[in-house]
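Please look over the structure below. The report then walks through its helices, cores and charged pairs.

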Amino acid sequence: MAGHYAGGHSRSARAQQDRVARGLGWFSIGLGLAQVFAPRAVCRLVGMPAAPTFMRICGLRELACGIGILTRPERTPWLHARVAGDAIDIAALAGSALARSANGRRIAVAVAAVGGVAALDMYCGQTLSQADAKVPRHVTASISVHRPPEELYRYWRDFQNFPRIMPHIESVQPLGDDVFHWVALGPAGARVEWDSEVIDDMPNERLAWRSLEGSHIFNAGSVRFDSAPAGHGTCVTVELLYEPPAGTIGVTLAKLFGRDAGREVRADLLAFKTLMETGETAATGRPTFG
(Lines give C-alpha, C1' and ligand atoms only; values in the text may rest on other atoms or scores of the structure.)
Protein backbone atom coordinates (compact mmCIF):
# COMPACT_ATOMS: atom_id res chain seq x y z
CA MET A 1 0.00 0.00 0.00
CA ALA A 2 1.39 3.38 -0.88
CA GLY A 3 0.34 7.02 -0.79
CA HIS A 4 1.41 10.49 0.16
CA TYR A 5 -0.21 12.36 3.00
CA ALA A 6 0.72 15.19 5.32
CA GLY A 7 0.69 13.09 8.45
CA GLY A 8 3.69 14.59 10.28
CA HIS A 9 2.21 18.04 10.81
CA SER A 10 -1.15 16.50 11.76
CA ARG A 11 0.44 14.33 14.44
CA SER A 12 2.35 17.33 15.82
CA ALA A 13 -0.81 19.42 16.03
CA ARG A 14 -2.63 16.51 17.67
CA ALA A 15 0.14 16.13 20.28
CA GLN A 16 0.09 19.86 21.07
CA GLN A 17 -3.69 19.89 21.55
CA ASP A 18 -3.43 16.75 23.67
CA ARG A 19 -1.12 18.58 26.05
CA VAL A 20 -3.54 21.49 26.36
CA ALA A 21 -6.43 19.08 26.88
CA ARG A 22 -4.54 17.23 29.63
CA GLY A 23 -3.89 20.56 31.35
CA LEU A 24 -7.61 21.33 31.25
CA GLY A 25 -8.29 17.85 32.59
CA TRP A 26 -6.06 18.36 35.62
CA PHE A 27 -7.54 21.83 36.15
CA SER A 28 -11.01 20.29 36.10
CA ILE A 29 -10.02 17.66 38.68
CA GLY A 30 -8.40 20.26 40.95
CA LEU A 31 -11.44 22.52 40.81
CA GLY A 32 -13.79 19.58 41.30
CA LEU A 33 -11.97 18.41 44.43
CA ALA A 34 -12.16 21.91 45.90
CA GLN A 35 -15.88 22.15 45.12
CA VAL A 36 -16.65 18.74 46.61
CA PHE A 37 -14.59 18.98 49.80
CA ALA A 38 -14.71 22.74 50.48
CA PRO A 39 -17.93 23.99 48.84
CA ARG A 40 -18.52 26.85 51.27
CA ALA A 41 -14.97 28.17 50.82
CA VAL A 42 -15.40 28.11 47.03
CA CYS A 43 -18.72 29.97 47.34
CA ARG A 44 -17.03 32.69 49.44
CA LEU A 45 -14.13 32.88 46.99
CA VAL A 46 -16.39 33.60 44.01
CA GLY A 47 -18.74 35.87 45.98
CA MET A 48 -21.78 33.58 45.93
CA PRO A 49 -24.14 32.99 48.84
CA ALA A 50 -23.43 29.66 50.52
CA ALA A 51 -24.82 26.82 48.35
CA PRO A 52 -22.85 23.70 49.32
CA THR A 53 -25.13 21.16 47.65
CA PHE A 54 -25.09 22.98 44.31
CA MET A 55 -21.33 23.46 44.55
CA ARG A 56 -20.75 19.77 45.26
CA ILE A 57 -22.84 18.81 42.22
CA CYS A 58 -20.72 21.16 40.11
CA GLY A 59 -17.62 19.56 41.62
CA LEU A 60 -18.75 16.05 40.69
CA ARG A 61 -19.33 17.29 37.14
CA GLU A 62 -15.84 18.76 37.02
CA LEU A 63 -14.33 15.52 38.32
CA ALA A 64 -16.19 13.47 35.71
CA CYS A 65 -15.03 15.75 32.89
CA GLY A 66 -11.45 15.81 34.15
CA ILE A 67 -11.25 12.04 34.46
CA GLY A 68 -12.82 11.65 31.03
CA ILE A 69 -10.31 14.01 29.43
CA LEU A 70 -7.36 12.25 31.05
CA THR A 71 -8.43 8.63 30.54
CA ARG A 72 -10.56 8.42 27.42
CA PRO A 73 -9.05 8.27 23.90
CA GLU A 74 -11.78 10.60 22.59
CA ARG A 75 -11.25 13.80 24.58
CA THR A 76 -13.41 16.10 22.47
CA PRO A 77 -16.81 15.08 23.96
CA TRP A 78 -15.49 15.73 27.46
CA LEU A 79 -14.20 19.16 26.43
CA HIS A 80 -17.62 19.93 24.98
CA ALA A 81 -19.14 18.82 28.28
CA ARG A 82 -16.85 21.30 30.04
CA VAL A 83 -18.12 24.08 27.77
CA ALA A 84 -21.70 23.21 28.71
CA GLY A 85 -20.70 23.18 32.38
CA ASP A 86 -19.01 26.56 32.00
CA ALA A 87 -22.28 27.98 30.62
CA ILE A 88 -24.16 26.62 33.64
CA ASP A 89 -21.59 28.13 36.01
CA ILE A 90 -21.85 31.56 34.37
CA ALA A 91 -25.65 31.45 34.59
CA ALA A 92 -25.48 30.42 38.26
CA LEU A 93 -23.01 33.21 39.08
CA ALA A 94 -25.11 35.78 37.27
CA GLY A 95 -28.24 34.64 39.10
CA SER A 96 -26.55 34.68 42.48
CA ALA A 97 -25.51 38.30 41.96
CA LEU A 98 -29.11 39.31 42.77
CA ALA A 99 -28.84 37.94 46.31
CA ARG A 100 -28.22 40.42 49.12
CA SER A 101 -25.30 38.46 50.52
CA ALA A 102 -23.55 38.28 47.16
CA ASN A 103 -20.26 40.08 46.52
CA GLY A 104 -20.79 41.70 43.13
CA ARG A 105 -17.11 42.44 42.52
CA ARG A 106 -15.99 38.89 43.20
CA ILE A 107 -18.82 37.49 41.09
CA ALA A 108 -17.79 39.74 38.17
CA VAL A 109 -14.21 38.47 38.43
CA ALA A 110 -15.43 34.87 38.65
CA VAL A 111 -17.67 35.31 35.58
CA ALA A 112 -14.73 36.73 33.60
CA ALA A 113 -12.52 33.83 34.72
CA VAL A 114 -15.09 31.18 33.84
CA GLY A 115 -15.68 32.90 30.50
CA GLY A 116 -11.97 32.75 29.73
CA VAL A 117 -11.80 29.06 30.64
CA ALA A 118 -14.90 28.39 28.53
CA ALA A 119 -13.23 30.04 25.54
CA LEU A 120 -10.14 27.86 26.06
CA ASP A 121 -12.31 24.74 26.39
CA MET A 122 -14.14 25.60 23.19
CA TYR A 123 -10.95 26.40 21.28
CA CYS A 124 -9.19 23.25 22.46
CA GLY A 125 -12.19 21.05 21.62
CA GLN A 126 -12.49 22.52 18.14
CA THR A 127 -8.80 22.36 17.26
CA LEU A 128 -8.48 18.88 18.75
CA SER A 129 -11.35 17.70 16.54
CA GLN A 130 -9.67 19.18 13.47
CA ALA A 131 -6.28 17.72 14.35
CA ASP A 132 -7.80 14.32 15.13
CA ALA A 133 -9.67 14.29 11.82
CA LYS A 134 -6.37 14.70 9.94
CA VAL A 135 -4.53 11.85 11.65
CA PRO A 136 -4.31 8.93 9.18
CA ARG A 137 -6.19 5.90 10.45
CA HIS A 138 -5.20 2.31 9.81
CA VAL A 139 -7.70 -0.52 9.93
CA THR A 140 -7.22 -4.24 9.35
CA ALA A 141 -9.65 -7.16 9.54
CA SER A 142 -9.79 -10.77 8.41
CA ILE A 143 -12.43 -13.41 7.82
CA SER A 144 -12.53 -17.01 6.61
CA VAL A 145 -14.69 -17.70 3.56
CA HIS A 146 -15.48 -21.22 2.35
CA ARG A 147 -14.71 -20.50 -1.26
CA PRO A 148 -11.49 -20.83 -3.30
CA PRO A 149 -9.22 -17.75 -3.63
CA GLU A 150 -9.79 -17.59 -7.40
CA GLU A 151 -13.53 -17.08 -6.97
CA LEU A 152 -13.17 -14.45 -4.24
CA TYR A 153 -10.48 -12.54 -6.11
CA ARG A 154 -12.59 -12.50 -9.27
CA TYR A 155 -15.55 -11.01 -7.43
CA TRP A 156 -13.45 -8.44 -5.57
CA ARG A 157 -11.55 -7.43 -8.71
CA ASP A 158 -14.79 -6.11 -10.16
CA PHE A 159 -15.17 -3.00 -7.98
CA GLN A 160 -18.66 -2.48 -9.36
CA ASN A 161 -19.74 -5.34 -7.08
CA PHE A 162 -18.97 -3.32 -3.94
CA PRO A 163 -22.42 -1.71 -3.56
CA ARG A 164 -23.83 -5.21 -3.03
CA ILE A 165 -21.87 -5.73 0.20
CA MET A 166 -21.35 -2.11 1.27
CA PRO A 167 -24.78 -0.43 1.53
CA HIS A 168 -23.41 3.12 1.71
CA ILE A 169 -21.51 2.78 -1.60
CA GLU A 170 -23.85 4.07 -4.26
CA SER A 171 -21.71 3.27 -7.29
CA VAL A 172 -18.22 2.46 -8.53
CA GLN A 173 -17.65 3.30 -12.18
CA PRO A 174 -14.56 2.33 -14.22
CA LEU A 175 -12.83 5.25 -15.94
CA GLY A 176 -10.24 3.17 -17.79
CA ASP A 177 -6.63 2.16 -17.06
CA ASP A 178 -7.67 0.64 -13.70
CA VAL A 179 -9.03 3.97 -12.47
CA PHE A 180 -12.45 4.05 -10.77
CA HIS A 181 -14.86 6.76 -9.66
CA TRP A 182 -16.50 6.13 -6.28
CA VAL A 183 -19.74 7.66 -5.01
CA ALA A 184 -20.71 7.07 -1.37
CA LEU A 185 -23.78 8.21 0.54
CA GLY A 186 -23.18 9.96 3.84
CA PRO A 187 -25.58 11.19 6.54
CA ALA A 188 -28.71 13.03 5.37
CA GLY A 189 -28.06 11.98 1.76
CA ALA A 190 -24.75 13.86 1.48
CA ARG A 191 -22.48 12.48 -1.27
CA VAL A 192 -18.76 11.85 -1.02
CA GLU A 193 -16.91 11.21 -4.29
CA TRP A 194 -13.32 10.32 -5.17
CA ASP A 195 -11.22 8.59 -7.82
CA SER A 196 -8.92 5.66 -7.08
CA GLU A 197 -6.45 3.54 -9.02
CA VAL A 198 -5.27 -0.05 -8.73
CA ILE A 199 -1.60 -0.03 -7.68
CA ASP A 200 -0.97 -3.74 -7.11
CA ASP A 201 -2.64 -6.72 -8.73
CA MET A 202 -1.48 -10.28 -8.14
CA PRO A 203 -4.31 -12.46 -9.50
CA ASN A 204 -5.89 -14.73 -6.90
CA GLU A 205 -3.49 -13.45 -4.22
CA ARG A 206 -3.56 -9.70 -3.62
CA LEU A 207 -5.17 -6.47 -4.79
CA ALA A 208 -4.34 -2.92 -3.68
CA TRP A 209 -5.66 0.54 -4.56
CA ARG A 210 -5.34 4.18 -3.51
CA SER A 211 -7.02 7.50 -4.22
CA LEU A 212 -5.48 9.59 -6.97
CA GLU A 213 -3.19 12.47 -6.07
CA GLY A 214 -5.12 15.70 -5.93
CA SER A 215 -8.26 14.04 -4.52
CA HIS A 216 -10.07 15.83 -1.69
CA ILE A 217 -9.61 12.75 0.46
CA PHE A 218 -6.78 10.28 0.85
CA ASN A 219 -7.52 6.59 1.23
CA ALA A 220 -5.73 3.41 0.29
CA GLY A 221 -6.51 -0.24 0.76
CA SER A 222 -5.49 -3.79 0.01
CA VAL A 223 -7.07 -7.22 0.17
CA ARG A 224 -5.16 -10.50 0.42
CA PHE A 225 -6.46 -13.99 -0.33
CA ASP A 226 -4.62 -16.80 1.52
CA SER A 227 -5.63 -20.44 1.23
CA ALA A 228 -6.78 -21.74 4.60
CA PRO A 229 -5.07 -24.84 6.08
CA ALA A 230 -6.28 -28.25 4.86
CA GLY A 231 -8.14 -26.62 2.01
CA HIS A 232 -10.86 -25.13 4.24
CA GLY A 233 -11.64 -22.08 2.15
CA THR A 234 -9.77 -18.77 2.06
CA CYS A 235 -8.60 -16.26 4.66
CA VAL A 236 -9.51 -12.79 3.36
CA THR A 237 -7.55 -9.93 4.95
CA VAL A 238 -8.39 -6.27 4.31
CA GLU A 239 -6.17 -3.32 5.25
CA LEU A 240 -7.31 0.28 4.93
CA LEU A 241 -5.59 3.62 5.46
CA TYR A 242 -7.57 6.83 5.26
CA GLU A 243 -7.15 10.47 6.18
CA PRO A 244 -10.40 12.45 6.44
CA PRO A 245 -10.00 16.05 5.24
CA ALA A 246 -10.95 19.09 7.26
CA GLY A 247 -14.16 20.97 6.67
CA THR A 248 -17.65 19.80 5.74
CA ILE A 249 -16.47 16.89 3.61
CA GLY A 250 -14.30 15.69 6.47
CA VAL A 251 -17.23 15.73 8.91
CA THR A 252 -19.36 13.78 6.43
CA LEU A 253 -16.56 11.29 5.82
CA ALA A 254 -15.95 10.80 9.53
CA LYS A 255 -19.61 9.99 10.05
CA LEU A 256 -19.53 7.74 7.00
CA PHE A 257 -16.56 5.73 8.24
CA GLY A 258 -17.80 5.62 11.81
CA ARG A 259 -15.94 5.86 15.11
CA ASP A 260 -15.21 2.13 15.18
CA ALA A 261 -13.98 1.63 11.63
CA GLY A 262 -12.58 -1.81 12.46
CA ARG A 263 -16.03 -3.05 13.40
CA GLU A 264 -17.47 -1.62 10.19
CA VAL A 265 -14.83 -3.37 8.07
CA ARG A 266 -15.55 -6.67 9.80
CA ALA A 267 -19.27 -6.17 9.15
CA ASP A 268 -18.57 -5.58 5.45
CA LEU A 269 -16.41 -8.71 5.33
CA LEU A 270 -19.21 -10.68 6.98
CA ALA A 271 -21.60 -9.45 4.28
CA PHE A 272 -19.03 -10.52 1.65
CA LYS A 273 -18.74 -13.97 3.28
CA THR A 274 -22.52 -14.37 3.36
CA LEU A 275 -22.85 -13.42 -0.29
CA MET A 276 -20.04 -15.72 -1.43
CA GLU A 277 -21.21 -18.72 0.58
CA THR A 278 -24.98 -18.43 0.21
CA GLY A 279 -25.51 -16.15 -2.78
CA GLU A 280 -27.61 -13.82 -0.63
CA THR A 281 -26.87 -10.31 0.60
CA ALA A 282 -27.11 -9.71 4.33
CA ALA A 283 -29.54 -6.83 4.96
CA THR A 284 -27.99 -4.99 7.90
CA GLY A 285 -29.52 -1.56 7.41
CA ARG A 286 -26.35 0.08 8.72
CA PRO A 287 -24.02 2.71 7.21
CA THR A 288 -20.88 0.64 6.55
CA PHE A 289 -17.30 1.47 5.69
CA GLY A 290 -16.10 1.39 2.11
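Gly47 follows helix α2 and has a positive phi, near 85°. Helices here are DSSP runs of H or I with at least four residues, strands are runs of E with at least two, and both are numbered from the N terminus. This is a predicted model, in which local features need pLDDT of at least 70 and side-chain atom pairs count only at pLDDT 80 or more, while totals for chains, interfaces and linings use all residues. Residues are numbered from 1 along each chain as its sequence is written, and side-chain values use heavy atoms, with hydrogens and water left out.

**Helix α2**

Helix α2 covers residues 39-46, and its buried residues are Pro39, Val42, Cys43 and Val46. Buried means under 20% relative accessible area, exposed means over 50%, and partly exposed lies in between (1.4 Å probe, protein chains only). Down the axis of α2, the buried residues fall within an arc of 100°, so they line one face of the helix. That arc is taken over the directions from the helix axis to the C-beta atoms. Arg44 and Leu45 are exposed on the other side of α2.

**Cysteines**

How many disulfides does a search of the whole structure find? The search finds zero. A disulfide is a covalent bond between the sulfur atoms of two cysteines. Here the test is a pair of cysteine sulfur atoms within 2.5 Å. Cys58 is in no disulfide, and its nearest cysteine sulfur, that of Cys43, is 8.9 Å away. Cys58 is buried, at 4% relative accessible area. Cys235 is partly exposed, at 29%.

**Around the end of α4**

Ser96 sits in helix α4. At 10% relative accessibility, Ser96 is buried. Setting aside neighbours within four places in sequence, Ser96 is in contact (heavy atoms within 4.5 Å) with Met48, Pro49, Ala102 and Ile107.

Ala97 lies in the loop between α4 (76-96) and α5 (104-134). Is Ala97 buried or partly exposed? Ala97 has 37% relative accessibility and counts as partly exposed. Beyond its neighbours within four places in sequence, Ala97 is in contact with Ala102 and Ile107. Ala97 and Met48 are 49 residues apart in sequence, yet their C-alpha atoms are 7.2 Å apart in space.

**Nonpolar cores**

A nonpolar core is a set of buried Ala, Val, Leu, Ile, Met, Phe, Trp, Tyr and Cys residues joined through side-chain atoms within 4.5 Å. The largest one has 35 residues. Trp156, Phe159, Trp182, Val223, Val236, Leu269 and Phe272 touch the most other members. Helix α9 (residues 261-278) gives this core its largest share, six residues. A second, separate core has 10 residues, including Met55, Ala102, Ile107 and Val114.

Now take Trp156. Apart from its neighbours within four places in sequence, Trp156 is in contact with Phe162, Leu207, Trp209, Val223, Phe225, Val238, Leu269 and Phe272.

**Salt bridges**

There are 12 salt bridges in the structure. Each needs a side-chain nitrogen of Lys or Arg within 4 Å of a carboxyl oxygen of Asp or Glu. Three of them are listed here.

| Pair | N to O distance |
|---|---|
| Arg210 and Glu197 | 3.3 Å |
| Asp200 and Arg206 | 2.5 Å |
| Glu277 and Lys273 | 2.9 Å |

Why does the pair of Arg210 and Glu197 tie together separate parts? Arg210 lies in strand β5 (residues 206-211) and Glu197 in strand β4 (residues 191-202), so the pair ties together parts that are 13 residues apart in sequence. Arg210 is buried at 18% relative accessibility. Glu197 is partly exposed at 22%.

Asp200 is partly exposed at 23% relative accessibility. Arg206 is also partly exposed, at 22%.

Glu277 and Lys273 both belong to helix α9. They are four residues apart, about one turn of the helix. Glu277 is partly exposed, at 26% relative accessible area. Lys273 is buried, at 18%.

Salt bridges can also share partners. In this way Arg61, Glu62, Arg82, Asp89 and Asp121 are joined into one network.
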